[in-house]
Protein chains: 2
Amino acid sequence: MNLLSLIQSKKAGVPLSTAQMDWLISSSVAGTVPDYQLATLLTVICYEGLEAAETLAMTRAFVDSGDTLSWEGISRPVVDKHSTGGVGDKVTLALAPLLAAAGLAMPKMSGRGLGHTGGTIDKLESIPGFRTDLSMQEFRSILQDVGCAVAGQTAHLVPADKIFYALRDATDNIRELGLVTASVMSKKLAAGAPCIVLDVKCGSGAFFRDEAEARAFASQAMAIGRAFGRQVACVLTDMDQPLGQAVGNRIEVLEVLDLISGSGKLADLREVLLALGSVELLLCGMCPDMESGRVQLQELLDSGVVKQKFREWIRAQGGRLSELPASPEVLPNMRSVAVQAGSPGWVSGIDCLQLGNVARRCGAGRMSREEVIEPDAGLMCYVAIGERIEQGEELARLLIHESRAAEADELLAMTQAAFQVSTDGSVPRRKTVLDILLP
Amino acid sequence: MNLLSLIQSKKAGVPLSTAQMDWLISSSVAGTVPDYQLATLLTVICYEGLEAAETLAMTRAFVDSGDTLSWEGISRPVVDKHSTGGVGDKVTLALAPLLAAAGLAMPKMSGRGLGHTGGTIDKLESIPGFRTDLSMQEFRSILQDVGCAVAGQTAHLVPADKIFYALRDATDNIRELGLVTASVMSKKLAAGAPCIVLDVKCGSGAFFRDEAEARAFASQAMAIGRAFGRQVACVLTDMDQPLGQAVGNRIEVLEVLDLISGSGKLADLREVLLALGSVELLLCGMCPDMESGRVQLQELLDSGVVKQKFREWIRAQGGRLSELPASPEVLPNMRSVAVQAGSPGWVSGIDCLQLGNVARRCGAGRMSREEVIEPDAGLMCYVAIGERIEQGEELARLLIHESRAAEADELLAMTQAAFQVSTDGSVPRRKTVLDILLP
């Protein structure tokens, strides 16, 4: 077998066989095929597409390329969660203690932020002292005791995906659905949880721009889950505007504290949290239906148990919440810039990708893995689509790190341009949870 | 500028600008862009296609990537010729002394054979003593004295094409018309002749499988010629059967000797030779029309002047024709295998690609640049499409090098399968010269 013949046959429309896929992925990990041929094959795959059987074969070969985790010995039902990435998506930070409080165990391997979306690891590391480089022994012990633990992805889990992802990223071959599904699902499968909920986001701030694409991914991911005997559900959520108000790292942690303290202004975030949480309970058989699961979780939130669990978890991983400032407005070394409405009307659209990019350029994110982020930087988005606004009202506030203060005017203009305001009459609010797909 | 952004915009259907093309090609030659991104861009180009302006920009940047030759000081009109490659294509070996005899100068940079088609350099090197590694001084002096000289391509001429071609070859990105045109034309333009004739072959043994593709290439190549102020003509020729009878190296040299000695059995080869030759004369203004050019060349052939010129040229490059055997039948170290007709009828089709591959496997060609060829190996194809054949008649003869004798049965079966015989009635002969396109 050689890679040139795989390129030729894939180009001619012949699907890759399981044997070819196995050879391809083991050769890539062994480093015995040239990068330029692998990049070519990935490009051809992006034009030709992968069939369901090819995606399954790739996922299986990805999983087999490294270690797989087992949670035998953990006495709670084990669940996992993945988000396809969004702007202001801090759901994991609330969901992990929520489900832990409900008696489940959520071992979560998370990534760092790249491009316009943030990463859970970056957000957690904005808490002074918080450690994400846990040994497997520490990780298991926290998981068993607290009910949740979050760590960075290890190099031993799906090493093939790391090679493929880096090459796809460097060659603009990131959008083919089969490649996306194999990448996401192989990591979830290797991470070992029997029940998995995917938060599939769609909209201007998401990887999937429209709902049809998001649904196609969901359907492929659930098919892969079935083939591996896992319970996989998908929650389709809107990403045409930021989730919650905070977009950054430390300000998102503060917002999560607000949320689990019962703040009323974060209805969208609470909605997504409860949808994902109740689906996890249902998958584990911990509730008869989603509605009762939702009631159960709501009570845990209202009673303060989740907030207590959150503190317990952060402490278990070394974090010192007491050292966080009380609110985003008092973060040090930040230039705070208000973005005001130029005219009254109704917010009719938000360019969520643009807001993600502004937050990144304020210092909250990175374009390459080497860049250093500023934990305090980011932006607050105070309005949502459908809201009535008055002239001069504060739509958003930028928290620009001092080192980037020279970009303040440009970032202000970019943010202003991200808001569309209609003067023609009211605009409907958007639903946050678009659909729930159960296995 | 960076290669990822070029990949992204080309994928989005935006043509590459001249500035982008210049940057791309100079960075590739400088080695400052990664192979895997260049391979990706070439793959995207094969899917998206190149527009005329992109092809022109690429050709110009290719030419500018290395040295260009000038024939100032040569007292004869300077012409060049290129063939898109075929099976049994030995035309250069006859055309060079023919045009030299007619008073032109033909400096020709040629390549080695790869895949199922042969290379002029391999054919000439099958003559004992023949040198193709001439210094520029030797080359010019032979060109001025004899009227023709043939050498291998130097590394200094269009180095960018060498990089691009090697990568295209290793990634199956060889068929996009703009890339093909830029590759062919940049080498012809850098080689400096003001008049260029392209032998554009189409059929089962050619790069272009059908006439439409061949015509599209011809039209692009002529447009490039116009843009550079060169006289470029195209002769479209059939490659659905081997050109002449011999397919190999030394046996092709023997066939050329036969041709220029006035053998009557090589009408197809003579036809292509006279068409290319008379177009060259016309482009140089050495004859008022093609017909009179043809008469002039015919006379040079009939009078023995061309044969004399051929000997003079071979001697000038060190070749010792006297050491060649008199006929293919007496070549040493060869297993000679006759291929006979199983039934009477009319030859209705010849799989020319298959015959090219058989000749290669007999020892006449190579699949990678490192392989060594056997100068005596090859095959003779004695019949043409439309010919009446009788049962048991010899259709072809394989000359298999002793080292490959174990493959004889398979090669015999492959050759037999390459001939289609109709028993239903006569089949028309094929035209060899399909069209002549003048600038």
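This is a predicted model: local features need pLDDT of at least 70, side-chain atom pairs count only at pLDDT 80 or more; totals for chains, interfaces and linings use all residues.
Just after H1(A), Gly13(A) adopts a positive phi of about 90°.

I turn now to the sheet in chain B. Four strands form an open sheet in the order E6-E9-E11-E7, and their pairing is antiparallel. Strands E6 (246-248) and E7 (334-340) of chain B stand at the edges with a single partner strand each, so one side of each has no neighbour in the sheet. On average, neighbouring strands are turned by 15° against each other, direction ignored.

E7(B) pairs with E11(B), residues 394-401, over seven bridges. Within this part of the chain, Ala338(B) has Arg397(B) in E11(B) as its bridge partner. Two helices also deserve mention. H11(B), residues 250-260, lies across E6, E9 and E11 of chain B and runs at about 145° to E6(B). H15(B), residues 352-364, packs on the sheet, touching E6, E9 and E11 of chain B, and its direction makes about 140° with that of E9(B).

Finally, how are the two chains related? A rotation of 180°, with 0.1 Å of shift along its axis, superposes chain A on chain B with an RMSD of 0.0 Å. The two copies are therefore related as by a two-fold rotation axis. Of the residues of chain A, Tyr36(A) comes closest to that axis, its C-alpha lying at 1.9 Å.

Conventions. Residues are numbered from 1 along each chain as its sequence is written. Chains are lettered from A and ligands numbered from 1 in the order in which they are written. Side-chain values use heavy atoms; hydrogens and water are left out. Copies are superposed by least squares on the C-alpha atoms of residues with pLDDT of at least 70 in both. Two strands pair if DSSP finds at least two bridges between them. Axes are lines fitted to C-alpha atoms, for helices over the stretch in contact, and angles run from 0 to 180 degrees between N-to-C directions. Contact means heavy atoms within 4.5 Å.
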